[in-house]
Amino acid sequence: LTLGFRSRRRERSCGRVSGGIPFDRGHLHHILSNPIYAGRIRHKGQVHDGQHPAIIDPQTWDKVQELLQSGAAISRGSRKKATTSPLAGKLFDETGDRLTPSHSRKNGKRLRYFVSRRVIAGGCQKHPDAWRLPAEQVEGLLTEMIRRHLGKPNAAASVTLGLPAAEIRMTAEKLTNCIGSADCLNLIEQVHLRPGAMRIQLDTLVLAKRLDCLPGQINASELTIEAPFQMRRRGVELKLHLGDPPPEIDETLVQNIAKGRRWLAMVIDGKSFSEIADNENVSTRRVQDIANLALIAPDILDAITLGEQSSGLTTDYPIKTRFSAIWSEQRAQFAAL
């Protein structure tokens, strides 16, 4: 910004002059975020591989985008907060695709995510199998897994090799301090995700430094952590759980089913949908949608009241989806969610 560079000066046929102004942050951001330098091209909000050679390394360009994203969307007058995750560049999905940090803003709050890289290039519709996970939940889940693994009573002896008994106790104290710190995620070298499970590989060099020992004294076979995890969605909210998620009753869905059964009974007694809508102060379409919930199979109803239904069977799904009135077809449809 201090080298005196200016944008290109243009004179229009009408005599209007534009450009020729000093470069500012906006100009630099446009240049740094332009994919054409990495051999790619942007079209309608999506980035595609171009037919021209890259003049900079595409991986370098990707890293620059992560840095730009981590520093973007800061309210004017507010103090910049360090939100870059220690997991950046360390998460991979089952296809080997790297999950990259992303974010959005809702009601003035910055929401962070980890998104499969192919989504950024091709979009969610082109890659429906891609991952988009809430960053804080992922970080919390991985922190819990590390603390469980390295917090075992014999962890100091199992993760080290050849240490005398006198040093094991000191190592155990250092390990406790290590996993109790806020930055224990820095122990991670890589994380591999697949549906229903994740595998953490801890970094030998980082752990050796934290424990004040040589890398050769770290037992590499104890640095891999594997655990099942589940994703449960309620509306637009996604929750991650280690192991099997605890039963979670969808109270709104239960209440809508009860209301649907009541409204269907009124229809059977001779009332029209429009009459019910007028009495309940809702639309006729709403009455029809809610009344359909009374057609759900009894065993599925039992599972819903216990919070044991399929994770995709949310409050909105049976209301907005035309599900079959045949119970056997319902079971197959809901089981596939």
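An open sheet of 3 strands runs in the order 6-7-8, with antiparallel pairing; two strands count as paired if DSSP finds at least two bridges between them. Strands (E, at least two residues) and helices (H or I, at least four) are DSSP runs, numbered from the N terminus. This is a predicted model, in which local features need pLDDT of at least 70 and side-chain atom pairs count only at pLDDT 80 or more, while totals for chains, interfaces and linings use all residues. Residues are numbered from 1 along each chain as its sequence is written, and side-chain values use heavy atoms, with hydrogens and water left out.

Strand 6 (99-106) and strand 8 (132-134) stand at the edges of the sheet, each with a single partner strand, so one side of each is left without a neighbour in the sheet. Neighbouring strands are turned by 35° against each other on average, direction ignored; axes are lines fitted to C-alpha atoms, for helices over the stretch in contact, and angles run from 0 to 180 degrees between N-to-C directions. Strand 6 pairs with strand 7 (residues 109-116) in the antiparallel sense over 8 bridges. Thr100 has Val115 in strand 7 as its bridge partner. Helix 4 (residues 135-150) packs on this sheet and touches strand 7 and strand 8, where contact means heavy atoms within 4.5 Å. The direction of helix 4 makes about 70° with that of strand 7.

The aromatic rings come next. The structure holds 2 aromatic pairs. Rings of Phe, Tyr and Trp (its six-membered ring) pair if their centres lie within 6.5 Å; planes under 30 degrees apart count as stacked, over 60 as edge-to-face and the rest as tilted. Tyr317 and Phe334 form an edge-to-face pair, 6.2 Å centre to centre with 75° between the planes. Tyr317 lies in helix 12 (residues 317-320) and Phe334 in helix 13 (residues 327-335), so the pair ties together parts that are 17 residues apart in sequence. Phe334 is buried, with a relative accessible area of 3%, and Tyr317 is partly exposed at 21%; buried means under 20%, exposed over 50%, and partly exposed in between (1.4 Å probe, protein chains only).

Phe323 and Phe334 form a tilted pair, 5.8 Å centre to centre with 55° between the planes. Phe323 sits in the loop between helix 12 and helix 13, 11 residues from Phe334. Phe323 is buried, as is Phe334. Tyr317, Phe323 and Phe334 form one aromatic cluster.
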